[in-house]
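This report considers side-chain contacts and backbone geometry in one protein structure. The sequence and the model come first, and the description follows.

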Amino acid sequence: MLIIGAHLSASKGYTAMLKQAQEIGANTFQFFTRNPRGGSAKDIDENDVNTFLSLMKEENFPIILAHAPYTLNCCSAKPETREFALNTFADDLRRMEYTPHQLYNFHPGSHVGQGEELGIELIAETLNKVLFEDMTTTVLLETMAGKGSEVGKTFEELRAIIDRVELDDKMGVCLDTCHVNDAGYDIVNNLDGVLEEFDKVVGIDRLKAIHLNDSKNPFSAHKDRHEKIGEGYIGLEAFERIINHPQLRSLPFYLETPNELEGYAKEIETLRNLYK
């Protein structure tokens, strides 16, 4: 079964997102925990959550992915920005326990001139403060394109973060196809080689989700601009290989392409037709 969904608005709650996902042919979805530019999160509606959890079982929604706001930068040079990241991260993980055993994805951050080594240390420091023993959520580091001073553009950087996390059993990785293409990992011509390298450096068991995005930029551009599936430099044939690869095909796939719901529905239908 292809587990595929798109990024949906959380404004009307979990149950509304599940129903919207069904309308576009999805059996999972991704959402921002709060405004992607930061700010406070909506209060949890426990009735909505309970209805949603029941529907997840009834409608065979295996897992969902929550996405941290873009402003969450654990390795900023500004102490107040790191404090915001710490507080937001901790609040999000507490809220995630209303929907147990799901995924929470975040961009590792930008070191803004401090260097990768210090950036990695600061990210791990935050994770060691916010993760807790009895949490059921798996926290995912997202692979990044390498624009500016982003941390997480190489598998080695992701591994270095994980190695410094005390509760590393709570950690995984979300591979973004646009980002790894832009970072210089050739998933178009050498998908097997990229996955072999990921397994060697990080461990394939850490790979928990895929952001499925084409790229407006050529290979190794380090820019990060998502394109609709099959309309960018990655191309439809590569996506067919990705969703059917033995090491990937059972993972959940999440579209973050520049689309409205109708466009997501078409992409989901296309990908379902390519799934073998």
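## Salt bridge at glutamate 157

Glutamate 157 has a relative accessible area of 9% and is therefore buried, where buried means under 20% relative accessible area, exposed over 50%, and partly exposed in between (1.4 Å probe, protein chains only). Its salt-bridge partner is lysine 153, with the closest N and O atoms 2.7 Å apart; a salt bridge is here a side-chain nitrogen of Lys or Arg within 4 Å of a carboxyl oxygen of Asp or Glu. Lysine 153, with a relative accessible area of 21%, is partly exposed.

The model is predicted, so that local features need pLDDT of at least 70 and side-chain atom pairs count only at pLDDT 80 or more, whereas totals for chains, interfaces and linings use all residues. Residues are numbered from 1 along each chain as its sequence is written, and side-chain values use heavy atoms, with hydrogens and water left out.

## Other salt bridges

Side chains of opposite charge can pair when their charged atoms come close. The structure holds 13 salt bridges, and one of them joins arginine 34 to aspartate 92, whose closest N and O atoms are 2.5 Å apart. This pair links distant parts of the chain, since arginine 34 belongs to the loop between β2 and α2 while aspartate 92 belongs to helix α3 (residues 79-96), 58 residues apart; helices (H or I, at least four residues) and strands (E, at least two) are DSSP runs, numbered from the N terminus. Arginine 34 and aspartate 92 are both buried.

In another salt bridge, lysine 266 and glutamate 262 meet through their side chains at 3.7 Å, N to O. Both residues lie in helix α9 (residues 261-274), where they are four residues apart, about one turn of the helix. Lysine 266 and glutamate 262 are both exposed. Elsewhere, salt bridges that share partners join Arg34, Asp91, Asp92 and Arg94 into one network.

## Aromatic pairs

A pair of aromatic rings is described by the distance of the centres and the angle of the planes. Rings of Phe, Tyr and Trp (its six-membered ring) pair if their centres lie within 6.5 Å, and planes under 30 degrees apart count as stacked, over 60 as edge-to-face and the rest as tilted. By this rule there are 10 aromatic pairs. In one of them, the ring centres of tyrosine 14 and phenylalanine 31 are 5.5 Å apart with the planes at 80°, so this pair is edge-to-face. Tyrosine 14 in helix α1 (residues 14-23) and phenylalanine 31 in strand β2 (residues 28-32) are 17 residues apart, and the pair links distant parts of the chain. Tyrosine 14 counts as buried at 10% relative accessibility, and phenylalanine 31 is buried with a relative accessible area of 4%.

Tyrosine 14 also pairs with phenylalanine 52, and because the centres are 5.2 Å apart and the planes are at 35°, that pair is tilted. As tyrosine 14 lies in helix α1 and phenylalanine 52 in helix α2 (residues 46-58), the pair ties together parts that are 38 residues apart in sequence. Phenylalanine 52 is buried, at a relative accessible area of 0%. One aromatic cluster is formed by Tyr14, Phe29, Phe31, Phe52 and Phe61.

## Positive phi angles

Most residues other than glycine have a negative phi, and most peptide bonds are trans. Valine 112, although not a glycine, has a positive phi of about 40°; this valine is placed in the loop between β4 (103-106) and α4 (116-130) and counts as partly exposed at 46% relative accessibility.

Aspartate 224, also not a glycine, has a positive phi of about 70°. Aspartate 224 is found in the loop between β8 (214-215) and β9 (226-227) and counts as buried at 18% relative accessibility.
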